[in-house]
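Biologist: Could you walk me through this structure, starting with one of its pockets and then moving on to what is packed inside?

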Amino acid sequence: MDMEHLFKMEIEQLTAGDTLMATKLDRIARTAAEGASVIRSLQERGVAVHILNIGILDTSTTGRLMMNVLLAFTEFERDMIVERTQAGREIARTHDGYREGRRPLPKARKDAAVAMVRNGRIYQEACEATGLSRSTVLRAVQAFRAQ
């Protein structure tokens, strides 16, 4: 289950008298429309919304105006971050030897873990000895068995 789905489930459990606290406004939603919808829904149910770097969002006319302005700036800031990140990736792709994503784990470590499991060691021992995660060892063993 992804974090966004968990967040929505937790928000649905809030009731009148509860307070939703978030460090920043962009932690509540990705877009201004989504943020306004979530906050309005919470306020209608009697849930207080407290953004630590802003304060408690109220339902007054001025409060709604401020919320919408701040949400618009939050969405703008997020879009600018995405644009800069994409531009940085495009520049990085022009460099020799650029490889996107994580570097592959050394084959020798995965082979050692597979050998340990094949020789009767439990997965936990193979993980501790090689420094690999359980899921990595499981995938390596499955790949070996598929050959």
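**Pocket and cores**

Modeller: Before we start, please keep in mind that this is a predicted model. The residues that line the second largest pocket divide into 4 nonpolar, 1 polar and 3 charged.

Biologist: Which residues line that second largest pocket?

Modeller: The lining of the second largest pocket is made by Lys107, Lys110, Asp111 and Val114, together with Ala140, Ala143, Phe144 and Gln147. Two elements give two or more residues to this lining, namely helix H4 (107–118) and helix H6 (134–146).

Biologist: And which element gives the most to the lining?

Modeller: That is H4, which gives 4 residues to the lining of the second largest pocket.

Biologist: How much space lies in there?

Modeller: The second largest pocket holds about 180 Å³ of space.

Biologist: OK, changing topic: how many residues has the largest nonpolar core?

Modeller: The largest nonpolar core has 18 residues, and the ones with the most contacts inside this core are Ile28, Ile39 and Leu42. At least two residues of this core come from each of strand E1 (19–22), helix H2 (32–44), strand E2 (48–51) and helix H3 (61–93), and the largest share, 5 residues, is supplied by H2.

Biologist: What does leucine 42 touch, then?

Modeller: If we leave out residues up to four places away in sequence, Leu42 touches Ile11, Leu14 and Leu20, and also Val47 and Val49.

Biologist: Which residues does the second core include?

Modeller: The second core, which is separate and has 11 residues, includes Val117, Tyr123, Leu132 and Val141.

Notes
Residues are numbered from 1 along each chain as its sequence is written. This is a predicted model: local features need pLDDT of at least 70, side-chain atom pairs count only at pLDDT 80 or more; totals for chains, interfaces and linings use all residues. Side-chain values use heavy atoms; hydrogens and water are left out. On a 1 Å grid over the protein atoms alone, a cavity is a set of points where a 1.4 Å probe fits but cannot get out, and a pocket is an open set with protein on both sides within 12 Å along at least five of seven lines; lining residues have an atom within 4 Å of a point. Grid points are joined across faces, edges and corners, and a volume is the space filled by probe spheres set on the points. Ala, Val, Leu, Ile, Met, Phe, Trp, Tyr, Cys and Pro count as nonpolar, Asp, Glu, Lys and Arg as charged, and the others, Gly among them, as polar. A nonpolar core is a set of buried Ala, Val, Leu, Ile, Met, Phe, Trp, Tyr and Cys residues joined through side-chain atoms within 4.5 Å. Buried means under 20% relative accessible area, exposed over 50%, partly exposed in between (1.4 Å probe, protein chains only). Contact means heavy atoms within 4.5 Å.
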